[in-house]
Amino acid sequence: MKYFGLALMPVSCLCSSSGLLLMKSATEMRPDLPIYRNPRWLVGFFLLAVCATTVDVIVLGLLPLSVIAPFAGLTIVFSILLAASGWVTAEKEQVSRADAGAVVLVLAGVSLVSSFGPRDGTTPTLDALVKGYSSLRFALFAAVAYSAAALAVALSKRGAAPTT
């Protein structure tokens with residue numbers, strides 16, 4: 001059942017991103033039409049509120065939340081790809097290098113969590129958590145993660161326009 005849940009997660013993410021993009025494009029294409037009369041908006045709402053939610057409920061019963069949570073990043077990936085393709089939106093949106101890099105990072109993260117995530121339903125003990133967090137491997141991981149975050153912030157501030 002674990003593999004069935006893993007297969008359903010991208011379906012939920014695709015429904016969410018398609019629904020959000022349909023709702024967005026519906027208001028851009030026909031701003032004069034109330035949303036409750038706009039078929040594009042209604043289909044988007046159905047995909048987001050009914051399909052994605054139903055699949056999420058099923059998946060929550062099959063997989064631990066620690067495996068499910070990283071898949072939320074796939075919604076962003078699907079949104080970027082669908083917006084760039086123009087299949088759902090009125091016109092194609094440009095994808096920057098930063099967007100492409102972010103997509104690669106999200107896909108790598110989801111793949112890593114799926115591959116190395118929890119294998120059974122047992123909950124670690126407090127002693128096991130303390131041992132894990134005080135290990136050299138975790139210290140190295142934390143150092144790399146915090147350094148990467150600091151570098152990303154520094155680079156984003158350097159490229160940002162000055163505010164007055």
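What radius of gyration does the chain of 164 residues have, and what would a compact globule have? The chain has 20 Å, whereas a compact globule of that length would be near 15 Å. The radius is taken over C-alpha atoms, and the globule rule is 2.2 Å times the number of residues to the power 0.38. The C-alpha atoms fill a box of roughly 60 × 50 × 25 Å along the principal axes.

The model is predicted: local features need pLDDT of at least 70, side-chain atom pairs count only at pLDDT 80 or more, and totals for chains, interfaces and linings use all residues. Residues are numbered from 1 along each chain as its sequence is written, and side-chain values use heavy atoms, without hydrogens and water.

The chain holds 7 helices and 0 strands. Both are DSSP runs numbered from the N terminus (helices H or I, at least four residues; strands E, at least two). Of the 164 residues, 24% are buried, meaning under 20% relative accessible area with a 1.4 Å probe, protein chains only.

Helix 1 (residues 2-29) packs against helix 4 (residues 72-85) at about 50 degrees, with the axes 8 Å apart. Axes are lines fitted to C-alpha atoms over the stretch in contact, and angles run from 0 to 180 degrees between N-to-C directions. The two helices are therefore oblique to each other. Oblique covers whatever is left after roughly parallel (under 35 degrees), roughly antiparallel (over 145) and roughly perpendicular (65 to 115). Residues in contact (heavy atoms within 4.5 Å) include Pro 10, Cys 13 and Leu 14 of helix 1 and Leu 74, Thr 75 and Phe 78 of helix 4.

Key. Buried < 20%, exposed > 50% of the residue type's maximum accessible area, 1.4 Å probe, protein only.
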